[in-house]
Amino acid sequence: MAMAKAKSTALSVAEKCRNILGASWEAHLNTIKADAKGSKGEIHTSRVHYMVQKGMPYLIVPENDMHNINIIIDERGSLSVSSPVPGRLTSLLKSLNKFPPRVAMTGEILRLKETKVPVITESLKKAILKEHKAASEATYGVSTVLSSAGATCRSRSEGLLSLLNEESSYNILKFEIGSCVFIDSSGSSHNIDLDTFEPPNADLLLPYSAKLIDGINRNDARRRALIIFCFEYFDVTARVRVPYIWTNCNVG
């Protein structure tokens, strides 16, 4: 009976992809280097920020990044998003010779029409401010956990608020997904059927997942309480509500 429950509540590969995209805000973008004669075939890679709005990933790319020039010649690109790994779990993974699960996507990177830029920018700002407000109005218990997280473990709103202001120099680009692959911590690849894949919806918890887990892991009493909680509810639907960021088995 326990095995049947575990199967019914286990996250599908598509759900794992959706949770990673919803929880993270940093990615590695790859575009084909170009010059006046066209694409050279070499790859330019850099870290960018992103948000998913209404099912569409929007990339926040610095104005001086070569991606902005490359996509004029060749719109093809790829995007890699890793599951946020808070605090000491990074060292644990390395010791096990494993990597954080990640989502790898290929597609086309498109510039927005000038009339669309302020609309999308304002939409992203509202979403970020909503997340920030939710955190600031959280209960004492939640606020204590969030504030206990390490200084390097930032939430999406903390990271993007400084970018989405009038003084920042960036371009917002649209990433149209052509293919999607989930790569687990062992390096195995799992193709995602885009016809049935649903991008992440607005969620006020997922962007704070890494901070919540890091804050819990830094306190023995909280960690024991979460272990007991997972043990008690491991095979019931309540487990699915916990974000897919190492909470299922790597808390301790």
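**Salt bridges and exposure**

Trainee: To start with Arg47, is this residue buried or exposed?
Mentor: Arg47 is exposed, as its relative accessible area is 54%. Here buried means under 20% relative accessible area, exposed means over 50%, and partly exposed lies in between, with a 1.4 Å probe and protein chains only.

Trainee: What sort of model is this?
Mentor: This is a predicted model, in which local features need pLDDT of at least 70, side-chain atom pairs count only at pLDDT 80 or more, and totals for chains, interfaces and linings use all residues. Residues are numbered from 1 along each chain as its sequence is written, and side-chain values use heavy atoms, with hydrogens and water left out.

Trainee: Which side chain meets Arg47 in a salt bridge?
Mentor: That of Glu26, at 3.8 Å from N to O. The pair ties together parts that are 21 residues apart in sequence, because Arg47 lies in strand 2 (residues 38-53) and Glu26 in strand 1 (residues 26-35). Strands are DSSP runs of E with at least two residues, numbered from the N terminus. Glu26 is partly exposed, at 26% relative accessible area.

Trainee: What counts as a salt bridge, and how many are there?
Mentor: A side-chain nitrogen of Lys or Arg must be within 4 Å of a carboxyl oxygen of Asp or Glu. The count by this rule is four.

Trainee: Which residue does Lys33 pair with?
Mentor: Lys33 forms a salt bridge with Glu42, and their closest N and O atoms are 3.9 Å apart. Lys33 is partly exposed at 31%, and Glu42 is partly exposed at 45%.

Trainee: Turning to Asp74, buried or exposed?
Mentor: Asp74 is buried, with a relative accessible area of 11%. Its side chain meets that of Arg76 in a salt bridge, 2.7 Å from N to O.

Technical notes
Helices (H or I, at least four residues) and strands (E, at least two) are DSSP runs, numbered from the N terminus.
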